[in-house]
Amino acid sequence: MTKNELVSFGKLWAGMAQVYDKTISDAGIAMAFAALEKYDLQDIRRAINAHVADPSRGQYIAKPADLILHIDGDPESRSLQAWSIVEGSVKRVGPHQTVVFDDAGVMAAIDDMGGWIRLCGVSGDELPFVRQEFVKRYKGYLSRPPVTYPPQLIGISDSHNMQHIQNYKADPVLIGNSEKALQIMNSGNTARGGTVSLSQLMDRMKLAQDTKQLEN
């Protein structure tokens, strides 16, 4: 929503409250607007209608969290949906091209798991375990969005070019909403904090070897 839609939202929120014989203060409307501002007004209207018609949750007046659940879905469903997009992108794009997803949580989760090249190299037998790992990490980012995440997930070709061409810039594949993906790319940070375990270091060394073999 935009600030100009505050009045329309207020009428919608007050109308919802009337269904439950409640009145909402201006301060309450302002707080609800702030919590739901990132969503479209039409999505909020549909979520309110869904909440009111819900035989279980609809017995009580809606809170912003109730509407977010209707709009976005529960964390498990959202995580599995995100994995479906990632898995489809692995098959469609492959390891050679650099990618940018329109979701910071996806970018951070893949980076945590070793990066795009490594993910694309996962075998069929490993896939269920990788999916489980991704879902766990992504669910964590749903509850606590990543502070930092990579601006791009580098592919093999761009990784090679960056090492051999001065000032080389990757031309990534944007996955999902192109505008949001560009925002992710512009706000990403290559310097991510945290300690690296021995197993992670060994994995990264193996990744470098695998990348060199694929190039040759």
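Mentor: A residue counts as buried when its relative accessible area is under 20%. In this predicted model, F134 has a relative accessibility of 0% and therefore counts as buried, and W83, at 5%, falls into the buried class as well. A search of the whole structure finds five aromatic pairs, and W83 and F134 form one that is tilted, with 5.5 Å from centre to centre and 50° between the planes. That pair links distant parts of the chain, since W83 sits in helix α5 (residues 75–93) and F134 in helix α8 (residues 127–143), 51 residues apart. F134 also pairs with Y138: their ring centres lie 5.7 Å apart and their planes meet at 15°, which is under the 30 degrees that stacking requires, so this pair is stacked. F134 and Y138 are both in helix α8, four residues apart, or about one turn of the helix, and both are buried.

The largest share, five residues, comes from α5. This pocket holds about 1,000 Å³ of space and is lined by 26 residues, with K38, D72, R78, D103 and K180 lying nearest its centre. By class, its lining comprises 14 nonpolar, four polar and eight charged residues.

Notes. Residues numbered from 1 in each chain as written. Predicted model: local features only at pLDDT ≥ 70, side-chain atom pairs only at ≥ 80, totals over all residues. Heavy atoms only, no water. Phe/Tyr/Trp six-rings, centres within 6.5 Å; stacked < 30°, edge-to-face > 60°. Helix = DSSP H or I, 4+ residues; strand = E, 2+ residues; numbered from the N terminus. Buried < 20%, exposed > 50% of the residue type's maximum accessible area, 1.4 Å probe, protein only. 1 Å grid on protein atoms, 1.4 Å probe; cavity = no way out; pocket = protein on both sides within 12 Å on 5 of 7 lines; lining within 4 Å. Points joined across faces, edges and corners; volume = space filled by probe spheres on them. Nonpolar A, V, L, I, M, F, W, Y, C, P; charged D, E, K, R; others polar.
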